[in-house]
Amino acid sequence: MSIITQKIGTLEILTAEGISAAHCFTTRFGGVSTGPLESMNIAIKLDETEENVAENFRILGKALGFEISDLVLTRQTHTDWVRPVTREDCRGCFHRDYPECDALVTNTPGVALTVFTADCTPILLHDPVNGAVGAAHAGWRGTAAGIAAKTARAMVREYGCEPGNIRAAIGPNIGYCHFETDDDVPKAMLAAFGEEVRPFIYPSGEKFFLDLKEINALALRRAGVTHIECSTDCTMCQPHRFWSHRVTGGIRGSQGAIIVCNSKEGSV
Ligand SMILES: [Zn+2]
């Protein structure tokens with residue numbers, strides 16, 4: 001099972017074959033935004049209009065089966081805060097209208113969770129047995145803080161999920177080919193995860209390259225999640241296809257990782 005590309009008209013999304021809940025990782029393709037935000041941007045930034053963001057979410061909702069009124073978003077601040085949400089938390093498609101957090105979980109049927117990335121690591125979780133879902137944004141600080149594991153554990157704590165039932169998908173991020181750091185980042189990872197993280201840290205002169213997908217997968221395994229599908233895409237290798245913060249110097253749109261909670265009997 002792996003992450004595959006799906007094209008619906010001009011819309012291009014990535015999905016995990018092993019996750020049966022409606023979900024996707026977005027790309028730059030298939031939206032209505034223009035200029036440096038062309039074309040699928042789902043965050044209010046630069047001179048983006050509310051109309052464009054709403055229309056882009058409508059396009060994604062048509063593909064996945066949700067309405068804008070079903071959305072819960074994050075206002076991300078590189079924390080490890082996981083927020084359990086219900087229908088009462090649905091406030092539409094503008095992230096500034098939401099409280100701060102970097103991950104969401106729910107078991108309310110019909111609620112659609114969204115996190116934003118543009119080099120950071122997006123992670124989606126689904127328990128097909130009880131229907132609970134989760135979505136996390138893992139920057140390197142969130143990765144070191146274990147936000148992937150904390151999101152899975154929140155599903156266990158809040159909804160009674162068995163960790164072994166949870167299926168995880170790790171989406172496009174800045175790959176180990178491009179994520180170059182000083183020694184502060186590997187030190188943080190070794191402090192957080194111990195020697196088991198060493199194979200995912202590549203020294204290069206005085207710098208280091210880190211595989212954040214594998215480190216988040218390690219965190220998920222430690223939380224008991226064994227089904228993990230991992231994208232092979234690097235946002236910096238493919239800046240025409242994905243928003244990359246480092247390539248654009250911040251003049252960029254945002255990708256979304258979206259997952260819709262379905263009832264146990266839900267048809268996807
Ligand atoms: Zn790369």
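**Figure 1. The zinc ion has a tetrahedral arrangement of donors, because its four donor atoms subtend angles of 102 to 123°.** Four donors count as tetrahedral if all angles lie between 85 and 135 degrees. For four tetrahedral donors, the ideal angle at a metal is 109.5 degrees. This is a predicted model, in which local features need pLDDT of at least 70 and side-chain atom pairs count only at pLDDT 80 or more, while totals for chains, interfaces and linings use all residues. Residues are numbered from 1 along each chain as its sequence is written, and side-chain values use heavy atoms, with hydrogens and water left out.

**Figure 2. Cys-177 (SG), His-178 (ND1), Cys-234 (SG) and Cys-237 (SG) coordinate the zinc ion at 2.1 to 2.4 Å.** Donors are N, O and S atoms within 2.8 Å of the metal (3.2 Å for Na, K and Ca); water is not among the atoms, so sites may look incomplete. Along the chain, the donors of the zinc ion have the spacing C-H-x55-C-x2-C. Distant parts of the chain are linked here: His-178 is in the loop between β10 (167-170) and β11 (180-181), and Cys-234, 56 residues apart from it, is in the loop between β14 (227-230) and α6 (245-248). Helices (H or I, at least four residues) and strands (E, at least two) are DSSP runs, numbered from the N terminus. His-178 is partly exposed at 28% relative accessibility, whereas Cys-234 is buried at 4%. Buried means under 20% relative accessible area, exposed over 50%, and partly exposed in between (1.4 Å probe, protein chains only).

**Figure 3. Tyr-176 and Tyr-202 form a tilted pair, with ring centres 5.4 Å apart and planes at 35°.** The structure holds one aromatic pair. Rings of Phe, Tyr and Trp (its six-membered ring) pair if their centres lie within 6.5 Å; planes under 30 degrees apart count as stacked, over 60 as edge-to-face and the rest as tilted. Tyr-176 is in the loop between β10 and β11, and Tyr-202 is in strand β12 (residues 201-204), 26 residues apart. Tyr-176 is partly exposed at 45% relative accessibility, and Tyr-202 is partly exposed at 35%.

**Figure 4. Thr-114 lies in strand β7 (residues 112-117).** Thr-114 has a relative accessible area of 0% and is therefore buried. Not counting residues up to four places away in sequence, Thr-114 touches residues including Ile-42, Phe-57, Leu-104 and Ile-258. Contact means heavy atoms within 4.5 Å.

Notes
Four donors count as tetrahedral if all angles lie between 85 and 135 degrees; four count as square planar and six as octahedral if opposite donors are over 155 degrees apart and all others between 65 and 115; anything else is irregular.
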